[in-house]
There are 2 protein chains.
Amino acid sequence: MLKIGDFPKLARVSVKALRYYDEIGLLKPVSVDQFTGYRYYSTSQLPRLTRIIALKDMGLSLEEIARLLEEDVSISHILDLLHIKQGEIKERLEEESLRLTRVEEWLKQVEKEGKMPDYEIVLKKAPPQKVVSVRATLPSYGDTGTLFSKLAPYIFEVGGQMIGPPLEIIYDEEFKEKDVDVEVAFPVAANVPAKGEFKCYDLKGYDHMATTVHKGSYDTISAAYNALMRWIEVNGYQVAGPSREIYFTDPNAGVPPSEYVTEVQVPVEKVKGK
Amino acid sequence: MLKIGDFPKLARVSVKALRYYDEIGLLKPVSVDQFTGYRYYSTSQLPRLTRIIALKDMGLSLEEIARLLEEDVSISHILDLLHIKQGEIKERLEEESLRLTRVEEWLKQVEKEGKMPDYEIVLKKAPPQKVVSVRATLPSYGDTGTLFSKLAPYIFEVGGQMIGPPLEIIYDEEFKEKDVDVEVAFPVAANVPAKGEFKCYDLKGYDHMATTVHKGSYDTISAAYNALMRWIEVNGYQVAGPSREIYFTDPNAGVPPSEYVTEVQVPVEKVKGK
DNA sequence: ATAAAGCCTCCAGTAATGGGAGAGTCAAGT
DNA sequence: ACTTGACTCTCCCATTACTGGAGGCTTTAT
C-alpha cells in the first residue's frame, strides 16, 4: 500500500492532483481509512495513472479521459474521440501560427516606426443593406459635404428612416485628386421613392472586407488606406471592389476634426494562384 | 453616444466582455448615468477597442494589454513584451505539434491493434542512488529469486535500511535465454560494509530514461521491452546503457502474478547525426 | 516524548467570460 | 398616457484543473 505522497515519486503528478482525481472519480484509492481519511493506493494503479497522464499530455480533458477509461468503451468510440482531438490540435496549431505572424508583423512595425501601429486591420463581413444614395463626379473629396446636405433633406422629405451612419463609396480604381467618382449614402429601414439623382436600392454586401478605423481629420485618411493596402498585400489578398468610408462622427456635433472617427472598408478576396 | 449594445455591431466583441473591460478598467465608458447605471460609449473609443482586440488575438492577456495601453509606456517595453510573447507562442507551437504526434501515434496503434496500447512510455530522470547489490551470471531469468533471497538477509544482517523497491540491472546487450548477466540491488539509506559478492556503491544515474510499467507475470515482460524499443526508435533515441527493472510487488505478499507491477527502464540518448 | 513531516478538509483564487435571474429603463407604437 | 418589447443594470454561479494556504490530525523519526 502506498500513501498519497509516494505516488509523485513514481509518476509526474502532484498530491493535489491525485486528491482531485479521487474527487472526480478518475482514480480512486484502493482504500481510505475511515477514521483518518488517509488515502491508500496500490502499485497496481500505476498503469492507470500513467495512462491518465499520457492522455492528458495529448490534450484530452479529464472528463474525456474518464470516459475513455470506462470498462466498456468501444474501439470506434476511442478512434472517434482521438480523431476529434487530432482535428482540434491541428486547429490550434493553425491558430497559434496565425498568432505568431501577427505578433511578428507588429514587432516589425514597432521596430521600424518606433511606435505602436496606428491602424489595426480587421477582416469582417458587410451584409447587404438598403440605402438611399446619390452618386456624382465631384471636383474633389472636400466637396462630398454638398452631396450630404442635398441627400439628408431629401430623405427627411420622403419620410425615410435612417438606421445607421452615413457612408461614402469611392468608385475610382486609382487615387485621384480631382474629378472623383463618389456615391454618398444613408442606410434606411424601408424603401423610399427615388427621384432624379436620388436612388434607393440594396447596397451589395461582401463576405470579406478589410477594415480599419481612422481617428482624425479626413485630410490624413490616406494613411488608413496605406495601412489597409499593405495588410492586403502582406496577407495574400487583393482588392475586390470599391472601397467605402463610414462616418461615425456628425460634423455638426461640434467635435473638433482631430476627434472624427471614420471606418475605412475595402472589399477583398484571396489572391488565387497562390 | 453609443449604448453598450451598439458596440458589438462595430467590433467583434460581446456586451459581457465590454462590461468586464469596464470592471477591470481596460476600457471605461465615457459616461455612466449615475441613476440608471447605463454605460455610454463614444465612437472615438473604437480605435482603442480594436487595438485591444488585436492584441488579444495575438495572445496577450488583458492585464498585459492594459499595461501596453498605458499612456507612458516606452517602446523598449513594448518590444520586450512582444518578444516574450513571440517566444511563448513558439513554445506553444512546439508543444502542440508534440501533442499531435502523440495523438497520431496512439491513433495508429489503436487502429492496428484494435485496442488501447498496453504501455505508456514516460521519459524520466533517474538520479544516482546508493545500493547494495550482487551481480552474477545466472542460467536464466527465473533464477534471480535466489539472488534476492541471499541479498535481503545480508542487508538485514549488516543493519542496512532499504529505502525503495528492489531492482535488477540487465547487462546483456542482447536478449539471452540462458547465462544471463544480471545484478540485483536494493536502494539503501547509508553505506553498508561490502562482503564477498555483496557490494555497496552509488548506482549511476541517467538524465534520460525511457520507462514503462508492466502489469502481469514476468513471463510477458518482453512486451514491455518491445514497446520501449519501438518508442525509442520512433522518437529518435538510442539505448545508452543497461536496462533496469524495478519490482514494485513483493512476491511474498500473496498477490497473484497477474497483478505484479514492474517498471522497466532503459537509459537513452538522442541519436546524433540527425 | 517530542519534533518534523505528512496527511486531512475546506476555502479562495485563477482567466475571461457565458448563462440566467430579477429588476429597472428606453423607444416606439397604439 | 399606456403598453409592449427590446435593452440594460447588478449579482451570482459555472467553467478547467488544479495551486496555495489555514488550521488541525496522524505518522514517523529521533
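Visitor: Which residues are closest to DNA strand D, among the 18 that surround it?
Guide: Keep in mind that this is a predicted model. DNA strand D is surrounded by 18 residues. The closest come from both chains: S61(A), K3(B), G5(B), G37(B) and R39(B).

Visitor: Which helix gives the most to the surface near DNA strand D?
Guide: Three helices each supply at least two residues there: helix 2 and helix 4 (62-68) of chain A, plus helix 2 of chain B. By class, that surface splits into seven nonpolar, five polar and six charged residues. The top contributor, with three residues, is helix 2 of chain A.

Visitor: And over at DNA strand C, which helix has the largest share of the surface?
Guide: Around DNA strand C there are 19 residues, the closest being G5(A), G37(A), R39(A), A17(B) and S61(B). Two or more residues each come from helix 2 (15-23) of chain A and from helix 2 (15-23) and helix 4 (62-68) of chain B. The classes here are eight nonpolar, five polar and six charged. The largest share, three residues, belongs to helix 2 of chain B.

Visitor: Let's turn to the protein contact. Which element of chain A brings the largest share of the side that touches chain B?
Guide: The contact takes 42 residues from chain A and 42 residues from chain B. On the chain A side, helix 3 (46-57), helix 5 (75-113) and strand 9 (206-215) are the elements giving two or more residues. That side holds 20 nonpolar, eight polar and 14 charged residues. With 21 residues, the largest share comes from helix 5 of chain A.

Visitor: How do helix 5 of chain A and helix 5 of chain B run, roughly parallel or roughly antiparallel?
Guide: Their axes come within 9 Å and cross at roughly 160°. Angles over 145 degrees count as roughly antiparallel. So helix 5 of chain A and helix 5 of chain B are roughly antiparallel.

Visitor: What is the hand of that crossing, left or right?
Guide: The residues where helix 5 of chain A meets helix 5 of chain B divide into 22 nonpolar, four polar and 14 charged. As for the hand, helix 5 of chain A passes helix 5 of chain B in a crossing that is left-handed.

Visitor: Do the copies meet through the same surface or opposite ones, and what percentage of interface residues tells us?
Guide: Look at the interface residues of chain A: they are also interface residues in chain B, so the copies meet through the same surface. The share is 100%.

Conventions. Residues numbered from 1 in each chain as written. Chains lettered and ligands numbered in written order. Predicted model: local features only at pLDDT ≥ 70, side-chain atom pairs only at ≥ 80, totals over all residues. Contact = placed C-beta atoms within 7 Å. Helix = DSSP H or I, 4+ residues; strand = E, 2+ residues; numbered from the N terminus. Nonpolar A, V, L, I, M, F, W, Y, C, P; charged D, E, K, R; others polar. Near = placed C-beta within 6 Å. Axes fitted to C-alpha atoms, helices over the stretch in contact; angles between N-to-C directions. Parallel < 35°, antiparallel > 145°, perpendicular 65-115°, else oblique. Left-handed = near helix turned anticlockwise from the far one by under 90°.
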